Amino acid sequence: PRDASLAESTVSDTLNHVAAIFRENGHDDPKRDAERNVARLLRRQLRSYKKDDPKEVQQKALPVCVLRLILSSNSTEIRQAMGELAGAAHFWAMRSCEYAKIPKAEQRQTKQLCIRNIVFIKDGESVEHKSLSLHLADCVSVTFERQKNDRKADTVTQWRTSDELLCPVKIWASLIRRISSYKGASKDSPVSLVQYKDKIINITGEMIADLCRDGVVAIGETKLGIHRSEIGTRSIRSGAAMAMYLAGVPVFSIMLIGRWSSTAFLKFIRKQVQEFLQGIASKMIEVQSFKHVQNPTETNPMENIVGDSFSLLMG
C-alpha cells in the first residue's frame, strides 16, 4: 500500500532510454514493430497508464510584488543573496538549475551560470566587473552555456529599469560585487555563492523556493490567491512568463527571453490568474454578427433544405 505509482511519462522516458541504448549498439528499436511503428500493444498500455495518472499539480506563478518584498528584505547577507538570485531569475525566466545548486546537477545537461557569463554594457562597450560604475551600465547580458534544449552559448540581454529594486542591471551588479569580494572568487565562481557563518556555501533551489513561500505568506495567501504549498522552484519561471504576457510582450519575445524553443512556454501561463481573462468577455461581444463566405464550388445548403422539405410535403 505504501508503494508509489509510476506516472506514464516516467515509463515512457525509461522505455525511450532503453531503446536509445539498443540503437546506439546497432540493434533495432525494441519498441517498434515490423512497420517501424510503436507496437500497438505498447501504445494501448501507455495510454491506459496516462488515463490513470493523477491530475497534474502545477506550481502557481509568483507575482512581482513577492519579488519586491524579497529584494527589500535584505537583513542578512544570505537573504540578500537569495533575493538577488530570485530577482535575476525573474528577468531571464530561469530554471532553478541555471542559477542555484540542485541535487544531482552533474547528471543534468543544463550548466549553472558563473560570473564569467555575466557581461555589463555601457554606451556599446563592456564594463569590467571591478568598475565602480557597474550598476550604471545600460544593460546586462547573460550567456547560458548549455541548456536543456541543447542550445549552447545562448545570450539574452535585459536593459536597466528606473525601479530602485527591480532592475536587472542593479541586481546583477550587487551580486557580482558581493561574490567578487569573497576570498578565492574568480570568473568561474557560480552565481549561487554566499558567505554564511564564516564559510562559503551554495544557495539551493529549495532555499529559493522557501524564500518565495515566506514572501507569499508575508503578503497574504488569501490576498494573492496562493497557498504556500503551491509555490515551488518553477514558480519564478512561470511568474516571469505571466508577467510578460500580462504586460503585452509579444509571444516571440517571451520565447526568446525564456529560451523556449517552442510554444511549450504556454504551460507556464496560468489561466487561473484573475487578470489573465480581464476584458476578454467584452471583446467577445464586440462583433455580434458575421456572414460566412460560401465556396462557389459547393452546393447552397439552403437549397438542399428547401428541396428536402418540399419532397417530404409532396410525399
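The model on your screen is predicted.

The 4 strands make an open sheet in the order E2-E1-E3-E4, with antiparallel pairing. Go to strand E2 (125–127) and strand E4 (152–159), which stand at the edges. Each has a single partner strand, so one side of each is left without a neighbour in the sheet. From one strand to the next, the twist averages 35°.

Now select E1 and strand E3 (residues 139–146). These two run antiparallel and are joined by 4 bridges. To see a facing pair, pick valine 119, which stands opposite serine 141 in E3.

Move to asparagine 117, in the loop between helix H5 (96–99) and strand E1 (118–122). Is asparagine 117 buried or exposed? Its relative accessible area is 4%, and since buried means under 20%, asparagine 117 is buried. Display its side chain: a polar atom there lies 2.7 Å from the backbone nitrogen of cysteine 114. Setting aside neighbours within four places in sequence, asparagine 117 is in contact with Gln112, Ser141, Val142, Thr143 and Glu145.

Last, select serine 12, in helix H1 (residues 8–24). With 15% relative accessibility, serine 12 also counts as buried.

Technical notes:
Residues are numbered from 1 along each chain as its sequence is written. This is a predicted model: local features need pLDDT of at least 70, side-chain atom pairs count only at pLDDT 80 or more; totals for chains, interfaces and linings use all residues. Side-chain values use heavy atoms; hydrogens and water are left out. Buried means under 20% relative accessible area, exposed over 50%, partly exposed in between (1.4 Å probe, protein chains only). A polar contact is a pair of N or O atoms within 3.5 Å; within protein, one must be able to donate a hydrogen and the other to accept it, and residues adjacent in sequence count only if both atoms are side-chain atoms. Contact means heavy atoms within 4.5 Å. Two strands pair if DSSP finds at least two bridges between them. Axes are lines fitted to C-alpha atoms, for helices over the stretch in contact, and angles run from 0 to 180 degrees between N-to-C directions.
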